[in-house]
Amino acid sequence: MFASRLFPSRISLFITLTLLATEFAAHVIGKEYEVSCKDGVGDTTLFTSTIKALLPGDVLLLGPCNYQFEENYMIGWSSSWSPTGGLNEVINEPDRDKFGGSEGVLIKGTGEDPAQTVLKTVIQSFRVNVIFENLTIDGKQSTENVYYTDYDQTIVFRNCVLISGNLSTAYIKAAVWSLSGRLTFIDSKIINGATPATGADMGVWVDSTFSRNNMNLMSSSIEIFPIGFYGGRWAPGTQKSIQIHKTMLWKNTVDCCVSYDETSGAARCINKICPLTSQTMNTPVGRSKIAMNELVDLLDEYNYSSQSRLPLRIIFPKVNTGGYTVAYKLFSAHPALPTHAGKQYQPGNAAPQYFQFDSTATLSNKKKKQLRIGFDRSVIDSNFDNPENIKAFFSYNGKVWKKKPLLMKKRRAEGVRIYQVRLPKLRRLKSLIAFGEI
């Protein structure tokens with residue numbers, strides 16, 4: 001089926017919509033499936049069958065239209081006992097038995113912005129690690145949390161909009177209710193769509209723990225709730241568990257709360273002292289450094305007692321405004337690597353080495369002040385057949401690669417052999433770096 005490593009095959013199924021599957025070489029995980037649109041409407045039947053079939057590293061691309069699901073539909077998993085004593089399960093997610101702890105999928109809208117790809121549903125107990133990107137999850141028609149989980153998965157919402165409906169009958173009246181796992185919002189919005197706004201109590205409900213980065217909000221917003229963000233017992237001693245940076249708490253009656261009661265039938269904040277302004281920044285002003293294996297991988301397997309770290313270090317020669325930096329390694333080789341000098345680069349022989357970086361720090365864009373990142377060579381090399389042919393590619397927005405690979409030098413730092421790359425001049429680190437070989 002695979003005539004060459006260089007060109008992925010494409011399988012087209014023309015039903016109401018078109019399903020496109022892009023298959024990489026047999027030893028590189030991941031296929032791409034695309035659900036297109038017809039007359040502005042998405043085929044929800046095809047969506048459901050495709051999401052159930054996803055395997056580790058797969059990508060589900062959703063065309064720009066409205067996906068109007070049937071009443072009570074949800075993405076994820078739920079169960080209930082029938083009157084006869086049997087267990088009824090609803091499963092609209094990949095088969096979790098086929099995934100390892102650090103594997104996952106990408107579900108992404110292909111429109112210009114989240115408003116163009118609208119899923120009129122909610123997400124409940126999605127039991128596979130996943131990135132949701134460039135989507136609107138419109139739960140206004142539902143009385144359930146627009147996102148809920150009590151499973152130990154790692155979930156990232158990137159450039160997404162989540163809209164909750166009337167939650168007056170919900171057990172916890174929060175748009176986002178996260179009991180376990182690691183949850184991250186980057187460039188995303190959580191909006192109260194209930195009329196009146198008191199139909200919901202909170203934008204986000206999460207408990208703080210002694211684990212690092214189990215809730216992360218960066219360059220996002222929580223809007224129009226009685227209580228914007230609830231972080232149970234969030235205090236200086238547990239501040240690393242919850243990270244909120246450059247996030248707008250907008251038109252909420254109470255922006256942030258760490259303790260509340262419901263004696264009046266609605267949540268009433270009784271402690272508004274959140275450590276928002278006392279959070280420790282890992283990218284301070286001046287020359288700044290994030291050491292090797294210091295950054296938590298926001299997408300690796302979640303473990304309450306320990307966190308997987310990324311095999312890299314970052315040198316910021318000059319930070320003008322201090323901030324916070326996060327990163328994660330992608331599950332999927334998306335977007336596909338570019339050609340260079342007439343040669344097609346491939347993502348390796350194992351897990352794709354794609355790294356996404358985001359920071360709220362502002363940087364100097366002066367010459368010779370460019371940011372440098374060093375990657376552990378032993379980790380990168382182990383994922384390729386011929387390490388001598390490895391190149392590093394750079395994208396500002398995660399959509400288009402720069403034509404030329406980054407200049408990559410072999411160095412030694414902190415007792416580790418590294419590939420060091422110097423990034424183009426940036427005012428802010430918001431970039432994707434991927435490794436490939438010929």
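Lys 430 counts as partly exposed, at 24% relative accessibility. That value falls between the 20% and 50% cut-offs, so Lys 430 is neither buried nor exposed. The model is predicted.

**Lys 430 and its surroundings**
- Lys 430 sits in strand 41, which covers residues 430-437.
- Its side chain makes a polar contact with the side chain of Asp 358, at 3.2 Å.
- Leaving out residues up to four places away in sequence, Lys 430 touches Arg 158, Ile 186, Asp 187, Gln 356, Phe 357, Asp 358 and Tyr 396.
- Cys 37 is 393 residues from Lys 430 along the chain. The C-alpha atoms of Lys 430 and Cys 37 are separated by 30 Å.

**Thr 48 in helix 1**
- Thr 48 belongs to helix 1, residues 44-53.
- Is Thr 48 buried or exposed? Thr 48 has a relative accessible area of 14%. Buried means under 20%, so Thr 48 is buried.
- Which residues is Thr 48 in contact with, leaving aside neighbours within four places in sequence? They are Tyr 73 and Asn 92.
- With Tyr 73, the link is also a polar contact between side chains, at 2.7 Å.

**Two cis peptide bonds**
- The peptide bond between Thr 195 and Pro 196 is cis, with omega about 0°.
- Pro 196 lies in a loop.
- Pro 335 is in the loop between strand 32 (325-329) and strand 33 (339-340).

**Two residues with positive phi**
- Asn 159 is not a glycine, yet its phi is positive, at about 55°.
- The loop between strand 16 (154-158) and strand 17 (161-164) holds Asn 159.
- Asn 159 has 29% relative accessibility, which lies between 20% and 50%, so Asn 159 counts as partly exposed.
- Lys 251 is not a glycine either, and its phi is positive, at about 55°.
- Lys 251 is placed in the loop between strand 26 (248-250) and strand 27 (254-257).
- Why does Lys 251 count as exposed? Its relative accessible area is 59%, and exposed means over 50%.

Key: Residues numbered from 1 in each chain as written. Predicted model: local features only at pLDDT ≥ 70, side-chain atom pairs only at ≥ 80, totals over all residues. Heavy atoms only, no water. Helix = DSSP H or I, 4+ residues; strand = E, 2+ residues; numbered from the N terminus. Buried < 20%, exposed > 50% of the residue type's maximum accessible area, 1.4 Å probe, protein only. Polar contact = N/O pair within 3.5 Å; in protein donor to acceptor, adjacent residues only side chain to side chain. Contact = heavy atoms within 4.5 Å.
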